[in-house]
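Keep the structure open as you read.

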Amino acid sequence: MAETTETPAVGGPDIDPSITSASPSVVDPRADAAERERLRRRAVNQDKFATGVLTAIIGLVLLIVVAMVAYILIEGAYTLVQPGFLTERSRANGTAGGVAYQLFDSFYLLFLTLIISVPISLGGAIFMVEYAPNGPVKRIASTAVETLSSLPSIVVGMFGFLVFSVGFGWKYSIISGAVALTMFNIPILVRAIQQALEDVPQAQRDACLAMGLTRWEATVHVLVPSAMSAIVTGVVLSAGRVFGEAAALLFTSGMSSPVSLNFLSFGFTSPSSAWNIFRPGESLAVHIYKIYGEGSPEAQQIVWGTAALLMICVLIFNVVARLAGRALSRKVTGV
Amino acid sequence: MIETLEQSVASPALEELKAPVLYTKDVNVWYGDHHALQDTSLDFHKGEITALIGPSGCGKSTYLRCLNLMNREIQGCQITGEIFYREHDINTPEEDLYELRKSIGMVFQQPNPFPKTIYENIAFAPRCHGQRNKATLDELVEESLRGAALWDEVKDKLNKSAQALSGGQQQRLCIARALALKPDVILLDEPCSALDPISTLAIEELMHSIAAGRAIIIVTHNMEQATRVSNRTAFFYMGEMVETGETEQIFNAPKSQRLNDYLSGRFS
């Protein structure tokens with residue numbers, strides 16, 4: 001920088017063009033040194049100011065996240081470590097007991113949702129990226145996916161209630177909830193998988209076609225495996241969102257689990273079998289919503305404990321998504 | 001024609017050499033409304049390496065991609081004219097592209113090995129085409145890698161990912177992958193433009209050995225490369241095949257003014 005101030009400035013190549021163009025009248029070489037020093041200061045100050053403001057913004061975001069996570073964990077920690085919170089079923093009005101059934105139902109709902117939505121989304125995304133020619137069909141399909149993704153989840157829940165619970169006669173059931181969550185999950189997954197497939201270089205497709213392989217062989221053996229790490233990351237992240245969803249489930253899977261569930265009964269039609277998809281169920285998020293209305297201090301404790309548990313699960317999903325994605329891509333590229 | 005006929009009577013092997021394995025008659029290509037290639041007719045013989053040269057956008061790659069009908073994969077691309085391969089016109093809607101592309105291999109500008117192991121990169125396509133015998137596949141992998149002068153470098157790491165190889169090795173793997181389908185024509189689209197000089201040299205040396213019993217057609221920007229590797233050269237300019245002949249004649253005694261200008265660097 002010292003060098004800059006010593007050199008005569010007229011036409012000096014080391015002047016920042018944006019600064020000189022701001023003051024094109026500078027010609028006197030003697031007055032110039034001072035003027036350039038002033039401009040340099042201004043540039044440096046501007047830079048410092050911007051860095052400061054941007055750092056502050058990002059700091060605020062971090063603070064919000066850390067504060068929220070810490071607050072919920074601290075409030076929920078007491079309940080979370082109570083013996084039986086994770087293993088006992090909830091009692092009437094949620095004034096005591098645990099969330100064992102809600103935890104199970106959340107995972108069971110998630111499992112069923114993924115079983116239904118992953119194949120459908122994979123098919124949809126493959127169609128959009130590998131098969132659909134650029135034209136009206138593709139445009140309509142991608143508009144449909146976007147529309148589905150912008151539907152409020154409570155509306156999806158209402159629709160699920162009217163069609164599956166009432167129309168199909170499934171009542172409040174795990175399967176109604178899973179299908180509603182599927183509708184909520186499909187657009188997220190289609191886009192994630194679509195993005196993953198679009199990121200596979202065109203050269204890979206060319207290589208397959210040039211060896212006389214069909215589009216399907218290319219998709220199954222090369223493109224999907226190449227995109228696998230991004231697909232898995234997308235699926236696990238979407239799982240985090242599904243896991244915490246409440247609104248779409250209020251009217252579909254219901255707001256209560258059976259009083260007693262038998263995890264060892266694999267009679268899928270028995271009303272007390274945990275695995276029966278036609279029994280009502282309650283996810284952790286719905287449980288929070290329901291218990292929060294109770295107002296008693298014990299219920300508040302359960303709400304915090306459940307919230308902390310839900311949050312920990314979602315955070316674990318996010319970590320798993322990253323680790324799984326990284327491990328898979330390392331396996332594929334071998335580096 | 002008469003001469004060819006006489007020779008064929010005298011020696012069937014020679015006839016094999018004389019009759020082109022692949023030739024085109026008045027091939028035209030349109031991308032939508034853009035007329036990218038005009039009336040191109042060329043012959044390709046087994047055992048010969050043909051270089052396609054010309055400035056960027058002259059149509060040489062477009063022409064190359066007609067020969068295995070890869071242009072069909074591009075939406076809005078139309079190919080007219082006749083492309084004869086093994087004495088029948090392949091530019092028809094009925095042509096079995098999968099069969100065709102097994103016997104006309106292609107290598108691209110950027111090395112594009114699959115994100116699979118070295119072994120799988122080679123065995124994958126033959127397996128898709130129905131070869132499921134493990135011993136045969138093992139043999140095929142070794143033979144193809146030897147054919148691409150890569151065997152000694154990778155024989156101990158066949159189960160490692162192909163993407164961990166160097167750029168030059170990856171490109172030779174792509175050639176091995178094409179060889180595994182036993183093609184009698186191999187198309188190379190600027191195969192060395194992404195490689196360093198030493199890897200380029202390795203590929204050029206390889207080209208002579210794989211040309212035995214095959215027609216090799218290579219698009220190149222590098223005129224020294226064309227003189228080093230090819231027997232015949234075709235010069236393309238503005239979507240037109242301007243001049244073709246023996247490589248020596250093309251570079252030392254060009255007939256057309258445009259080729260002369262191109263060679264003397266008056267445009268690029």
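How many helices and how many strands does the secondary structure of chain A come to? The tally is twelve helices and zero strands. Bear in mind that you're looking at a predicted model. Read chain A from the N terminus and the elements simply go α-α-α-α-α-α-α-α-α-α-α-α. Chain A has 335 residues, and 37% of them are buried. As for what touches what, take the contacts in chain A with a separation of 6 or more: 73% of these are between residues 24 or more positions apart.

Now look at where the two chains meet. Chain A puts 21 residues into the contact, and chain B puts in 23. On the chain A side, three helices each supply at least two residues: α8 (202–210), α9 (215–243) and α12 (297–333). Of the elements there, α8(A) gives the most, with six residues. Sort that side of chain A by class and you get eleven nonpolar, eight polar and two charged residues.

Next, the inside. The largest nonpolar core has 140 residues, and the members that touch the most others are Leu197(A), Leu52(B), Ala176(B), Leu187(B), Ile216(B) and Ile217(B). The top contributor to this core is helix α7 of chain A (residues 174–198), which gives 16 residues. Skip its neighbours within four places in sequence, and Leu52(B) is in contact with Lys60(B), Tyr63(B), Leu64(B), Ile217(B), Val219(B), Ala234(B) and Phe236(B). One of those partners, Ile217(B), is also on the list of core members that touch the most others.

When two helices pack, the angle between their axes and the distance between the axes describe the arrangement. Here the partners are helix α5 of chain B (residues 118–128) and helix α8 of chain B (residues 167–179), with an angle of about 30° and axes 8 Å apart. Angles under 35 degrees count as roughly parallel, and so α5(B) and α8(B) are roughly parallel to each other. The crossing of α5(B) past α8(B) is right-handed.

Which residues in α5(B) and α8(B) meet? From α5(B) come Ile118(B), Asn121(B), Ile122(B) and Ala125(B), and they meet Leu173(B), Ala176(B) and Arg177(B) in α8(B). By class, that contact has five nonpolar residues, one polar and one charged.

Key
Residues numbered from 1 in each chain as written. Chains lettered and ligands numbered in written order. Predicted model: local features only at pLDDT ≥ 70, side-chain atom pairs only at ≥ 80, totals over all residues. Axes fitted to C-alpha atoms, helices over the stretch in contact; angles between N-to-C directions. Helix = DSSP H or I, 4+ residues; strand = E, 2+ residues; numbered from the N terminus. Parallel < 35°, antiparallel > 145°, perpendicular 65-115°, else oblique. Left-handed = near helix turned anticlockwise from the far one by under 90°. Contact = placed C-beta atoms within 7 Å. Nonpolar A, V, L, I, M, F, W, Y, C, P; charged D, E, K, R; others polar. Buried ≥ 20, exposed ≤ 12 C-beta atoms within 10 Å, placed from the backbone. Core = buried A, V, L, I, M, F, W, Y, C linked by C-beta atoms within 7 Å.
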